[in-house]
Amino acid sequence: EGGTEGKIGNYLSGNEISRLVLEKYRSLGKRGKPQDCHWTVLAGFVRSFASPAVPGVPVSVQNHKSEVIALATGTKCVGRKYINKNGETINDSHAEVLARRALVRYLLTDLLNGNKAKNFIISSSPDKKSNQLQANSDISFHLYISRTPCGDASIYADSKDGREERVGVGEKRMRRESLNQNHNQTGAKEVGGSWDSDKQSVGKTRLKSGRSDLPEDMRNESMSCSDKIAKWAFMGIQGGILAPFLKGPIILSSITISPPLHDDGQTVLEALTRALTRRPKSHKQTQTPHPEIKLSSLSFESDISNIQCNIQTQPQKMWPDGNEKMSKRQIKKRKKKGGGVSGCPVALNWYKGGGVETIMGMYGRKEGASAKSTSLKTCSRLSRVMMWDLTRQLCAKFGIKSEEELIRCGYHQWKHSSSWYKALKVSMLDTSSPLHKWVRKDRQPITVYTSS
């Protein structure tokens with residue numbers, strides 16, 4: 001049964017999935033998008049409805065409806081200095097993570113509105129005494145990312161044409177003399193290793209990247225995107241907060257990546273498959289199918305490769321203080337210093353029916369908030385505080401638990417109240433699993449916020 005659900009919608013090509021996300025992003029206006037020399041990463045989730053089967057007609061040519069339901073951009077994380085242990089900050093504002101949180105909020109909101117999008121169906125228990133939801137088997141979910149995710153998936157040989165590409169935080173190129181070829185590397189730090197180490201062993205769990213000279217209180221504690229996506233591939237994309245409502249996981253059917261322009265597609269595909277689908281402990285134990293890995297030839301305009309290319313060809317237009325009167329010497333000097341290219345400080349998130357929200361990635365709060373802000377009004381709608389509020393509303397609607405019971409239960413206990421989700425997590429963290437070194441966060445009570 002699980003295998004069938006995982007295959008639905010996989011007739012969509014990588015280019016079709018990426019085109020949908022790119023077009024939706026471009027339709028959102030300028031708010032929160034990179035300007036001048038800033039770059040970012042884009043990630044989004046596509047939902048595909050399968051039409052009723054037509055006998056004798058190949059699935060690939062039958063009608064289907066596919067649409068983007070959540071997307072995000074972002075490259076920043078919150079340093080320990082600014083992390084709020086009570087769930088008021090978004091600690092990881094990488095695009096993949098924000099897109100997945102936006103997806104979960106969309107699904108929670110859809111349930112609160114009466115499941116109008118038919119994302120779920122009611123599944124009665126064998127004894128007919130209780131009902132649970134399960135993902136509609138006619139729906140598949142697909143993830144698109146505009147660049148290889150940081151961490152293990154970004155470690156691979158790049159020997160297509162010998163060119164070197166200069167990239168930013170999270171990835172870098174270097175010449176490996178022993179192999180006599182270029183290698184794409186990750187800046188994500190191996191869990192348990194030294195912060196200033198650039199050791200590139202494959203298959204390791206890693207923390208998000210950061211400069212090796214960063215003060216300890218400015219380093220982050222977030223697992224790499226490769227690790228998080230591997231977790232979603234194994235445990236489902238619903239997360240712990242939605243799991244107690246469900247009979248089983250929401251399967252991720254495919255993952256599409258736009259690889260860097262000059263990289264060998266087959267090498268990238270092998271690295272993605274290794275890092276995102278093969279690392280978690282045996283999928284056969286849980287009957288969770290592997291998501292299909294796909295590549296797209298479509299490029300995201302704000303990818304760092306495109307920004308750097310633009311600077312090389314039209315620097316006066318890219319630099320905020322640039323003009324046609326800049327001398328060749330001035331241009332050469334600026335390019336030598338990296339051209340002023342940097343990750344966009346603002347991250348945006350969008351989900352169907354929810355509009356755009358912008359976040360200051362370094363602080364994990366809404367754009368406009370200061371680093372020292374403590375007001376709940378500056379909390380992102382994707383923060384644990386706001387997601388917990390939405391979950392309590394949903395529990396009240398379904399009559400699952402009273403507000404008093406939920407507050408007494410707490411956010412963390414609620415997330416682990418699903419028996420199947422808890423079992424999957426135990427399996428994922430088993431000492432025989434490549435993900436067993438996952439860094440656990442402090443479980444402090446989440447701030448109770450009431451939106452009504």
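Colleague: Is R147 buried or exposed, and how is that decided?
Modeller: Buried means under 20% relative accessible area, exposed means over 50%, and partly exposed is in between, with a 1.4 Å probe and protein chains only. R147 has a relative accessible area of 4%, so it is buried. This is a predicted model, in which local features need pLDDT of at least 70 and side-chain atom pairs count only at pLDDT 80 or more, while totals for chains, interfaces and linings use all residues. Residues are numbered from 1 along each chain as its sequence is written, and side-chain values use heavy atoms, with hydrogens and water left out.

Colleague: Where does R147 lie, between which elements?
Modeller: Helices (H or I, at least four residues) and strands (E, at least two) are DSSP runs, numbered from the N terminus. R147 is in the loop between β8 (139–145) and β9 (156–158).

Colleague: With which side chain does the side chain of R147 make a polar contact?
Modeller: A polar contact is a pair of N or O atoms within 3.5 Å; within protein, one must be able to donate a hydrogen and the other to accept it, and residues adjacent in sequence count only if both atoms are side-chain atoms. For R147 the partner is the side chain of S305, at 2.7 Å.

Colleague: What is the pLDDT average of the protein chain?
Modeller: pLDDT is the predictor's confidence in each residue, from 0 to 100. The protein chain averages 80, and 74% of the residues score at least 70. Over residues 1–8 the pLDDT is below 50, and this stretch has 16 contacts in the model beyond near neighbours in sequence. Residues 160–181 also stay under 50, with 64 contacts beyond four places in sequence. Contact means heavy atoms within 4.5 Å. Where pLDDT is low, the predicted coordinates should not be read in detail.

Colleague: How many helices and strands does the protein chain have?
Modeller: The secondary structure comes to 13 helices and 19 strands. Of the 452 residues of the protein chain, 54% count as buried. Among contacts between residues at least 6 apart in sequence, 69% join residues at least 24 apart.

Colleague: At what angle do the axes of helix α3 and helix α4 cross?
Modeller: Axes are lines fitted to C-alpha atoms, for helices over the stretch in contact, and angles run from 0 to 180 degrees between N-to-C directions. Helix α3 (residues 95–112) and helix α4 (residues 225–235) have axes that come within 9 Å and cross at roughly 35°. From α3 the contact uses E96, V97 and R100, and from α4 it uses C225, K228, I229 and W232. 

Colleague: How many residues of α4 are buried?
Modeller: The count is 11 of the 11, so α4 is largely enclosed by the rest of the structure. Just after α4, G236 takes a positive phi of about 95°.

Colleague: Which residues have the most contacts inside the largest nonpolar core?
Modeller: In soluble globular proteins, nonpolar side chains tend to be buried together. A nonpolar core is a set of buried Ala, Val, Leu, Ile, Met, Phe, Trp, Tyr and Cys residues joined through side-chain atoms within 4.5 Å. The largest one here has 80 residues, and L242 and I250 have the most contacts inside it. Helix α3 gives the most to this core, with 10 residues. Leaving aside neighbours within four places in sequence, L242 is in contact with L107, L108, L111, F120 and I250. Apart from this core lies another, of 14 residues, including V21, V46, Y144 and L348.

Colleague: Where is F45, in which strand?
Modeller: F45 lies in strand β2 (residues 42–50) and counts as buried at 0% relative accessibility. F45 and L103 are 58 residues apart in sequence, yet 7.2 Å apart in space, C-alpha to C-alpha. Beyond four places in sequence, the contacts of F45 include V68, A99, L103, H142, I237 and L252.

Colleague: What is the phi of N115?
Modeller: Most residues other than glycine have a negative phi. N115 has a positive value, near 55°, and is found in the loop between α3 and β6 (120–124). K118, in the loop between α3 and β6, also has a positive phi, near 60°. N115 is buried, with a relative accessible area of 13%, whereas K118 counts as exposed at 52%.
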